[in-house]
Amino acid sequence: MDVSERLTFFAALYKVHENPDAGMWMLYLTIIMLCVVVYKLGFAKKLPLGKSILIYLFLILGCTILTFLGVFLPIAEGLVVAALILIIYKIRLHQHKKQEMDAS
């Protein structure tokens, strides 16, 4: 059984099976970046600095577990889809608010 056939897109892209150290770090940073984007687009509220730091700390800790799962499960790919959906939603929401402002 060849492990490289079961890798997800990002794990194969970063060659986790050939260079596990650099590949896992790159996958980890990709998952952190995508989680931050999804959080900011969909869930973030204006919080004091201390609470924001705490939320991002726990977000980064959670991404550690997601990275290990992300080698064989499409975690990063799902985050990309979630980010795209939220970006489309934000654009449509902005356009709708702009149309309401123009109508009134």
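**View 1. Tyr-56 is partly exposed, at a relative accessible area of 24%.** Here, buried means under 20% relative accessible area, exposed means over 50%, and partly exposed is what falls in between (1.4 Å probe, protein chains only). The model is a predicted one, where local features need pLDDT of at least 70, side-chain atom pairs count only at pLDDT 80 or more, and totals for chains, interfaces and linings use all residues. Residues are numbered from 1 along each chain as its sequence is written, and side-chain values use heavy atoms, with hydrogens and water left out.

**View 2. Helices H2 and H3 pack at about 130°.** H2 covers residues 20–42 and H3 residues 49–69, with their axes 9 Å apart. Helices (H or I, at least four residues) are DSSP runs, numbered from the N terminus. Axes are lines fitted to C-alpha atoms, for helices over the stretch in contact, and angles run from 0 to 180 degrees between N-to-C directions. H2 and H3 are therefore oblique to each other; angles under 35 degrees count as roughly parallel, over 145 as roughly antiparallel, 65 to 115 as roughly perpendicular, and the rest as oblique.

**View 3. Side chains from H2 meet side chains from H3.** On the H2 side, look for residues including Met-24, Leu-27, Ile-31 and Tyr-39; on the H3 side, Ile-55, Tyr-56, Leu-59 and Phe-68 are among them. Contact means heavy atoms within 4.5 Å. Sorted by class, this contact has 15 nonpolar, two polar and one charged residues. Nonpolar covers Ala, Val, Leu, Ile, Met, Phe, Trp, Tyr, Cys and Pro; charged covers Asp, Glu, Lys and Arg; the others, Gly among them, are polar.

**View 4. Four aromatic pairs turn up in a search of the whole structure.** Phe-10 and Tyr-14 make a tilted one, 6.2 Å centre to centre with 35° between the planes. Rings of Phe, Tyr and Trp (its six-membered ring) pair if their centres lie within 6.5 Å; planes under 30 degrees apart are stacked, over 60 edge-to-face, and the rest tilted. Phe-10 is buried at 14% relative accessibility, and Tyr-14 is buried at 18%. Tyr-39 and Tyr-56 go edge-to-face, at 5.6 Å centre to centre and 85° between the planes. Tyr-39 sits in H2 and Tyr-56 in H3, so this pair ties together parts 17 residues apart in sequence.

**View 5. Phe-43 lies in the loop between H2 and H3.** Phe-43 is exposed, with a relative accessible area of 58%. From Phe-43 to Gln-95 is 20 Å, C-alpha to C-alpha.

Note on methods
Helices (H or I, at least four residues) and strands (E, at least two) are DSSP runs, numbered from the N terminus.
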